[in-house]
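Trainee: I am new to this structure and would like to learn how to read it. Could you walk me through it?

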Amino acid sequence: MNTIANDIRFGIRMLWKHRLASLVCILALGLGMGATAAIFSMAEAFLLHPIPIPDVSRIVALVDTRPQENILSNAVAPATYLEWQQQAKSFEQMGAYGWHEVNLTGDSAPQRIAGFDVTANFFALLGVQPALGRGFLPEEGEPGKNQLLILSNGLWQGRFASDPAILGKTVKVDGKTFSIVGVMGKGFTFPQPVEAWMPMTLTDNEKFDRQSRYIWAFGRLRPGVSNAQAAAEMATLAQRQAHAFPDIYKGWRLRVMPLREFAAGDLTRQYTILLLGAVAFVLLIACADVANVQFARITGRQKELAVRAALGAGRVRIVRQLLIESILLSFGGAAFGLVFARWQLAVMMQHMPPEVAKYVAGWYTIHLDAGAFAFTLCLAVFSGIISGIAPALLTSRTNVGETLKESGRGSSTGRARHRLRSALVVAEVALSLVLLVGAGLLIKGFHALLTVNNASHPESLLSLSMQLPELKYQQPATLLSFQQRLLQRLSAIPHVQSAALVTSVPYSDGGGIGLRTISIAGRATAVHQDQPVAILETISSNYFAMMNIALRDGRLFSDSDGESTPPVAVISATLAARYFPGLNPLGRKVKVGAADGPASWLTVVGIVDDLHYDWIDKNYLPTLYRLYQQSPQNWTSVLLRTDGSPLSFLPAVRAEIAAVDPDLPIFDAKPFDQVITQSILGIAYVAAMMGGIGIIALILASVGVYGVMSYSVSERTHEIGIRMAMGASGSQIQRLVVGNGMLLTVIGIAIGLPIALAMAFGLSSLLFGVTANDPVSFVGLPLLLAAVAFLASYIPARRVLRVDPLHALRYE
Amino acid sequence: MDANATLIKMEGVKKVFYTDEVETHALEEIHLEIKKGQYISIAGPSGCGKSTLLSILGLLDSPSGGAYWLNGQPVAELTTSERTRIRNREIGFIFQAFNLIGDLTVYENVELPLTYRGTSAAERKQKVQSALERVGMAHRLRHYPSQLSGGQQQRVAVARALVGDPLILMADEPTGNLDSKNGEAVMELLRDLHRNGATICMVTHDQRYANFADRSIHLFDGRIVEESQEAAVSA
């Protein structure tokens with residue numbers, strides 16, 4: 001122990017003595033470890049504790065998947081869930097929830113909130129209780145007894161000013177009176193992004209519904225039952241259902257997944273793992289840098305190490321001492337890395353808009369905690385060993401007798417060292433290229449998403465949404481009257497060019513948009529699941545002009561189309577191509593829902609260009625447009641084309657809406673370009689982080705090339721002197737040095753390119769706008785790396801010009 | 001151990017270096033015996049194999065052939081770690097270039113062999129103090145080598161060689177980097193140590209200093225060509 005203390009003391013002394021080299025190492029390792037610690041903290045928040053629920057490992061989500069359509073988790077229908085609940089033996093309890101956004105009125109300004117209908121056992125099953133009040137009682141799941149509300153802590157604070165006497169107060173929820181019975185504790189936000197919970201009530205019809213998939217089911221495992229056992233039982237139940245109702249369940253497969261994994265989401269997990277891989281690469285590059293510095297430093301201490309060996313220090317002891325120095329260096333890097341990580345996380349948290357953060361499970365729990373601290377310490381030990389082991393082992397093999405001679409030089413280990421250092425630089429360049437290409441592709445994908453709908457000039461469009469309460473707007477005529485008055489008033493606002501209605505603007509709701517089943521007249525579909533699907537947009541006739549959606553064939557909606565004229569539809573080019581291949585869809589009839597359903601048949605009168613709706617899906621989605629006068633809907637969005645900054649029109653818009661219905665809340669009011677940006681903000685973060693990681697990798701790789709070339713020049717001073725004495729010019733020697741540096745770089749690029757290409761194929765399946773044959777990434781970035789490496793070789797090569805052959809020949 | 005017991009015995013030791021398929025015979029058929037308490041000098045022209053022989057004697061290197069016993073134990077074919085252990089416990093080194101570690105204080109330099117031996121801190125302290133007193137450097141404990149003159153540095157190196165009570169001191173040109181005054185002083189120090197019972201094996205090409213030893217061997221082209229028994233030179 002005492003001798004370890006001696007080694008530590010001496011190590012600190014040595015690091016202090018070589019302050020500049022130590023600082024470079026600490027900075028390199030700090031960048032690597034800081035990036036890793038920051039991403040680890042995110043991964044911890046997203047993957048390990050995305051939801052603050054005790055004993056969460058015993059709770060599983062029961063979701064449906066359709067692997068052939070890349071649907072990894074889907075809700076189930078009420079009848080499916082109820083059968084599971086009655087028959088499954090693996091669970092102590094099974095519960096469910098479903099989205100139910102509502103308008104909150106009656107107490108203050110109308111507000112649209114993210115509500116969820118939950119089964120009465122929801123809170124008990126999760127093992128959480130409200131901080132104020134109570135959870136729901138079993139009987140409160142029955143119709144007529146369910147007008148109760150539990151508030152999230154955020155809503156209680158924001159809307160009700162943390163009123164301690166809130167319990168028992170009433171509010172209007174979509175026009176109906178609800179009593180507040182509880183307030184949840186701070187931080188409980190399951191399901192994300194909940195603001196209020198209401199009891200779930202199923203009507204008799206709904207209890208037998210196997211087709212409307214809006215129930216998210218989950219269950220707490222019985223003690224002693226494993227995930228696998230529960231999955232096996234559920235698979236049997238699902239199979240039984242599929243046999244009984246093959247039309248409905250064909251193609252669907254049940255997936256039993258840990259609730260933690262479900263809450264994190266598949267995409268979050270994929271991107272987090274991608275980032276973890278990227279920072280691991282950065283850390284390896286930093287370790288290679290430090291190993292190179294250590295080689296140079298230890299080479300200068302050959303004699304000291306030989307003396308130690310002569311005095312009885314065994315190889316293990318010398319390696320131990322060198323590793324202690326290396327680990328000390330890593331601890332310095334870890335300290336800097338933790339500060340760097342803290343800064344990164346602060347910047348990230350600061351720039352994330354709350355309206356986006358609320359959708360990311362675990363976002364608000366991101367911080368550098370004890371776990372991250374312990375992880376960084378482990379990283380420090382690991383990095384210290386990784387970066388120090390090769391120099392320590394090679395140096396400890398030195399011939400002691402030779403080294404102790406006044407001019408002794410261990411030539412064989414010198415060559416091995418040189419080869420290893422060159423290999424490290426090659427590896428650094430290869431890893432950096434992979435990271436740079438990954439970053440380049442992600443940034444390009446993000447840019448493609450950002451500009452995909454540019455034709456609509458989103459910067460001058462204002463978008464907002466509203467839900468007309470069913471109680472007040474029960475009759476289609478009332479709805480229509482409201483919407484027509486609204487459009488008239490909004491269009492009359494000075495500097496508003498036009499106002500249009502549409503169900504949902506592209507990229508709203510985070511880019512996720514539901515597809516509806518449609519039927520085509522004269523075409524029977526044997527199986528329910530084989531029915532065509534499309535995004536359903538109910539619009540005003542000026543929507544196409546406002547969004548600059550070009551007509552391809554037929555006609556657009558006109559003023560002559562109305563409530564009393566035959567119902568018509570316009571379809572997108574993708575819908576036409578997918579469901580009418582080789583046919584002319586004009587004049588054909590389509591219907592929303594089943595062919596024998598209550599909706600009217602619509603005659604297709606036009607085909608228009610596609611809009612991109614979903615950042616996850618690379619392909620355009622089929623879209624069916626119908627006219628709002630012919631199918632008035634309670635839920636609608638409004639778009640306004642303005643002459644100025646869209647947000648500056650918001651007060652006037654609010655006033656006009658309030659003039660028509662003072663109790664109607666509007667929500668998601670923002671410029672359309674902001675709708676797009678915010679929906680892809682997650683990708684922006686990933687792209688920005690990958691960009692940052694790529695830049696760090698580039699810097700570290702160039703430091704590596706510089707270090708090796710610089711050391712090589714010092715090491716070869718004698719040889720350079722001989723060459724110069726023989727008549728070599730300074731530029732010839734420079735070419736020799738730069739040539740060596742570039743050779744290593746080219747080898748690194750040659751190794752890195754195929755790896756980057758393989759990664760690009762993976763990324764291209766993940767994200768819109770990313771292609772595996774992107775010339776900028778595969779030609780431009782290697783050239784950039786080569787240019788930086790050239791510079792890093794050229795700077796030490798310039799020192800050659802200062803070499804005095806006479807002095808160099810004396811140099812040993 | 002018997003005062004006249006054989007400490008070192010070499011029979012037919014040879015050393016061959018291979019460099020790019022060229023064989024260099026550094027030592028040939030070395031037969032040598034050193035008894036406890038002897039002060040032996042190895043002399044010869046540059047490149048005759050003096051330092052190679054000292055390296056093998058000091059277990060810094062191993063012979064290519066022949067047999068070598070140190071204190072009765074065959075050591076020619078020991079593993080690296082066994083050689084390291086014996087070097088640490090039974091041999092003390094004094095180098096021409098002192099080979100003190102510049103980043104350690106005088107105290108720490110002298111302490112080093114004991115640290116590798118696993119000696120307790122208290123014992124180390126006592127032994128280091130004693131060794132430094134023997135060479136007259138106890139007042140420079142906290143100095144770094146760069147703060148000392150060449151002669152002082154070599155005295156510290158002698159203290160480091162002595163501190164572990166080795167069976168034999170191996171000195172490789174101990175005065176080579178010193179002026180004549182400091183060189184004389186170091187030679188006096190070695191002679192005092194010898195008078196107090198130390199076994200010393202010294203490489204030198206300086207005949208004046210070779211005469212300090214009570215026995216000299218001369219090497220030429222890797223062979224012992226002459227051996228003489230000298231009367232110790234008086235101060």
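Mentor: Gladly! Keep in mind that this is a predicted model. Let us begin with a pair of helices in chain A: H17 (residues 476-491) and H20 (residues 650-660).

Trainee: How is the packing of H17(A) and H20(A) described, and at what angle do they pack?

Mentor: Two packed helices are described by the angle between their axes and by the distance between those axes. Here H17(A) and H20(A) pack at about 145 degrees, with their axes 10 Å apart. The crossing of H17(A) past H20(A) is right-handed.

Trainee: Which residues of H17(A) and H20(A) meet?

Mentor: From H17(A) come Phe482(A), Arg485(A), Leu486(A), Arg489(A) and Leu490(A). They meet Val653(A), Glu656(A), Ile657(A), Ala659(A) and Val660(A) of H20(A). Seven residues of this contact are nonpolar, three are charged and none is polar.

Trainee: Now the sheet, please. In what order do its four strands lie, and is the pairing parallel or antiparallel?

Mentor: Strands of a sheet pair through backbone hydrogen bonds, in either a parallel or an antiparallel way. In chain A, this open sheet has the order E15-E23-E14-E24, with antiparallel pairing. E15 (496-502) and E24 (667-671) of chain A are the edge strands, each pairing on one side only. From one strand to the next, the twist averages 15 degrees.

Trainee: How many bridges join E14(A) to E23(A)?

Mentor: Seven bridges join E14 (residues 461-467) to E23 (residues 635-642) in chain A. As an example, Leu464(A) has Val638(A) in E23(A) as its bridge partner.

Trainee: Which strands does H17(A) lie across?

Mentor: H17(A) lies across E15 and E23 of chain A, at about 155 degrees to E15(A). Another helix, H21 (residues 672-679) of chain A, lies across E14 and E24, running at about 105 degrees to E24(A).

Terms used
Residues are numbered from 1 along each chain as its sequence is written. Chains are lettered from A and ligands numbered from 1 in the order in which they are written. This is a predicted model: local features need pLDDT of at least 70, side-chain atom pairs count only at pLDDT 80 or more; totals for chains, interfaces and linings use all residues. Axes are lines fitted to C-alpha atoms, for helices over the stretch in contact, and angles run from 0 to 180 degrees between N-to-C directions. Helices (H or I, at least four residues) and strands (E, at least two) are DSSP runs, numbered from the N terminus. A crossing is left-handed if the near helix is turned anticlockwise from the far one by less than a right angle, and right-handed if clockwise. Two residues are in contact if their C-beta atoms, placed from the backbone, lie within 7 Å. Ala, Val, Leu, Ile, Met, Phe, Trp, Tyr, Cys and Pro count as nonpolar, Asp, Glu, Lys and Arg as charged, and the others, Gly among them, as polar. Two strands pair if DSSP finds at least two bridges between them.
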